[in-house]
Amino acid sequence: MPKPATPHSPSNARRKESSPGPPADRPARNWLAPLLLIVITLAALCPVCVHEFTSWDDHLNVTANPVLNPPEWRRLRFVWTHSIHEEYIPLSYSVWWVLARVAHLDAPDPSGIWLDPYVFHTANLLLHLAAALVVYQLLASLTRRPWAAWAGAMLFAIHPLQVEAVAWVTGLKDVLCGLLSLVALWQYVRFAQSQYGMPSIPSPGTPGGASGSGDCPRAGKGGGSSVATEAWLRYAGATVALVLALLAKPSAVSVPVMAAVIDLVLLKRPWRRVAVALLPWFAIAGAFVLVGLLSQPAGELPEDARSPAWLRPLIAADALAFYVTKVVLPARFGILYARAPQWAISHGWLWFTWLVPASLLAIAWAYRRQAPWGLAAVLLLFAAPAAVLGLVPFDFQRHSTVADRYVYVGMIGPALALAFALTSLPTGRRAIWASWGAVGACLALLAGRTLAQTFTWQDSFTLFRHALAVNPHDDAAYANLAADELAVGRVAEADALARQSIAQNPKQVSAYLILGSALQKEGRPREEQEAYRRACENDPHNAMALSDLAAVVAEDPTGDKPSHLAEAAELCRRAIAVEPTDPSPHAVLAAVLAAQRNDAGALVEARTAVDLNPNDVPSHIRLGQLLARAGQFSQAADQFTAALRLDPNASEAKQGLDKLKQPAR
């Protein structure tokens, strides 16, 4: 007869260890936690799937990006050999390219967009869902408590801070980078646990709750080699995931630091082993830092986005205080918080906000022995956005140092804190149920807040009106609303909103560009040219401003026409030097060179413009006219026909074809 199990027997120990709280954590039910994670996340975020594109960079990266319109194979090769808009993120552009192939429409929508937004939004949500499941697996490996891991993963998945990255089409680069970063951390943890003989949570449904790969490599005579091999395969997979994360967005450079935090603070491996394992990761991250500095130089930042080097730690601490506040008090989320360095300095908060992260870190350090997970959670939250805290200036700082999307991966810190806190619950059944009830209520409130937040992203008008409700002094929101009003033909409203943006920030370049477009439609060329000149003065390296000014100068009927054309050509060449993949300056330069009777040069630029943007009707017409002038009638007819396919009402294309059909031709 087998001996009954005593309270101290291994069987009871395992049974106690596998019960973190209600509901019971039986292996047969381990599938329930990830299933609930999927269902609740979808319920909180599914409205994003039927939202539209927004004018907040979606046009720049997706809807008007020549790489995706149309998504041809040669354009896919281009993204791996060039930086686009001063960013080298080829993996993100490759995913957008694949989605564009699926989402490509047979005819453009009323806004002239050839892509279905629902495909892109659904992809963002699915990537976020995958990231939440990886967080669950990572936390389960660390805590060995699937339901505690579920609670942490739920916090990661449905906190309102995550809405921006998921609901914004351009946010795919943040979600994709985040997913791959989390995969790298998860597989690194499994590698470290296996290599150092630490147990890890089994896959759902593993009989008896034992891990098949997390046992000590030295346990057993022939198993050490296979376990060691599996460990190094996990390390290789983690390294591949890190490289892919860096190719999705360079902010993944913080992943090696996050891995070191988990390894040293939670797994408590010797620092020499950690250094050996992570040295290649730091080398890889360093290489990508150099690529990022070359592709997005901070030297072009305006003065109001700069700060003295000695103040940058305080600016970084202010950003961390902002993120801590948003995690604890999830309210008043917006796309632009206008928390630029000069704003933080001028308001004086900079001298006090550093106390928030400093105090949190001090408390976590004081309790590092009793609760090392607290220190790990704080360090993970602070380390994740390290690349965009302002210690090194970056381009978006001209608007704000902080943004919700920057803390996407950093939410693993609060998630880890919640999961480990639930493993430390009192032993009494009432206390356990009370604690889980409180956690469940908080998660339900967060899910409701997230659901409400998703509706602010349904279209551009809703998004920017909400942005102004959060921050009435948001000059960029006024400028984007002006662009949206102009797109639907409300010129007077666009003019007024653009002027409001300029009143808030006289250096707001996009507001001058929109104002110039509105003035052009209002028939006020002199004021239009002045608006574009102000835009170029504020940002001499803005390709769009240079191109728009060139077009106006070339058409200026006053003064000396040859000098106007020469100035316009120079402006176009400056724009092309800044952004060689932008089709607009090539198209304008083609018209300018044609007016100068430089047909050979005009043909080169016109072909380039069509090649960069095959969906632009005026570029096809201009190239057709130049080809007809050069006597290449067959090719000219092809261009006019292509223009008519895109716009059957293009009168200039019809006239061009009619001329080609005349008997003299």
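Modeller: A cavity is a set of grid points where a 1.4 Å probe fits but cannot get out. The model discussed here is predicted.

Colleague: How many cavities of 30 Å³ or more does a search of the whole structure find?

Modeller: Rolling a probe the size of a water molecule over the atoms shows where empty space is left. With a cut-off of 30 Å³ or more, the search of the whole structure gives a count of three.

Colleague: Which helix gives the most residues to the lining of the largest cavity?

Modeller: The largest cavity holds about 150 Å³ of space. Its lining has 18 residues, and Cys177, Ser251, Ala384, Tyr406 and Val409 are the closest to the centre. Two elements give two or more residues to this lining, helix H11 (255-267) and helix H9 (172-195). The one that gives the most, with four residues, is H9.

Colleague: How many residues of that lining are nonpolar, polar and charged?

Modeller: Tyr and Cys count as nonpolar here, and Gly counts as polar. On that basis the lining of the largest cavity has three charged residues, five polar and 10 nonpolar.

Colleague: Are helices H22 and H23 roughly parallel or antiparallel?

Modeller: The axes of H22 (residues 491-504) and H23 (residues 509-521) come within 9 Å and cross at roughly 150°. Angles over 145 degrees count as roughly antiparallel. Therefore H22 is, relative to H23, roughly antiparallel.

Colleague: What is the handedness of the crossing of H22 and H23, left-handed or right-handed?

Modeller: The contact includes Val491, Ala498 and Ile502 of H22, and Ile514, Leu515 and Leu519 of H23. Its residues divide into nine nonpolar, one polar and three charged. The crossing of H22 and H23 is left-handed.

Definitions and conventions. Residues are numbered from 1 along each chain as its sequence is written. This is a predicted model: local features need pLDDT of at least 70, side-chain atom pairs count only at pLDDT 80 or more; totals for chains, interfaces and linings use all residues. Side-chain values use heavy atoms; hydrogens and water are left out. On a 1 Å grid over the protein atoms alone, a cavity is a set of points where a 1.4 Å probe fits but cannot get out, and a pocket is an open set with protein on both sides within 12 Å along at least five of seven lines; lining residues have an atom within 4 Å of a point. Grid points are joined across faces, edges and corners, and a volume is the space filled by probe spheres set on the points. Axes are lines fitted to C-alpha atoms, for helices over the stretch in contact, and angles run from 0 to 180 degrees between N-to-C directions. Angles under 35 degrees count as roughly parallel, over 145 as roughly antiparallel, 65 to 115 as roughly perpendicular and the rest as oblique. A crossing is left-handed if the near helix is turned anticlockwise from the far one by less than a right angle, and right-handed if clockwise. Contact means heavy atoms within 4.5 Å.
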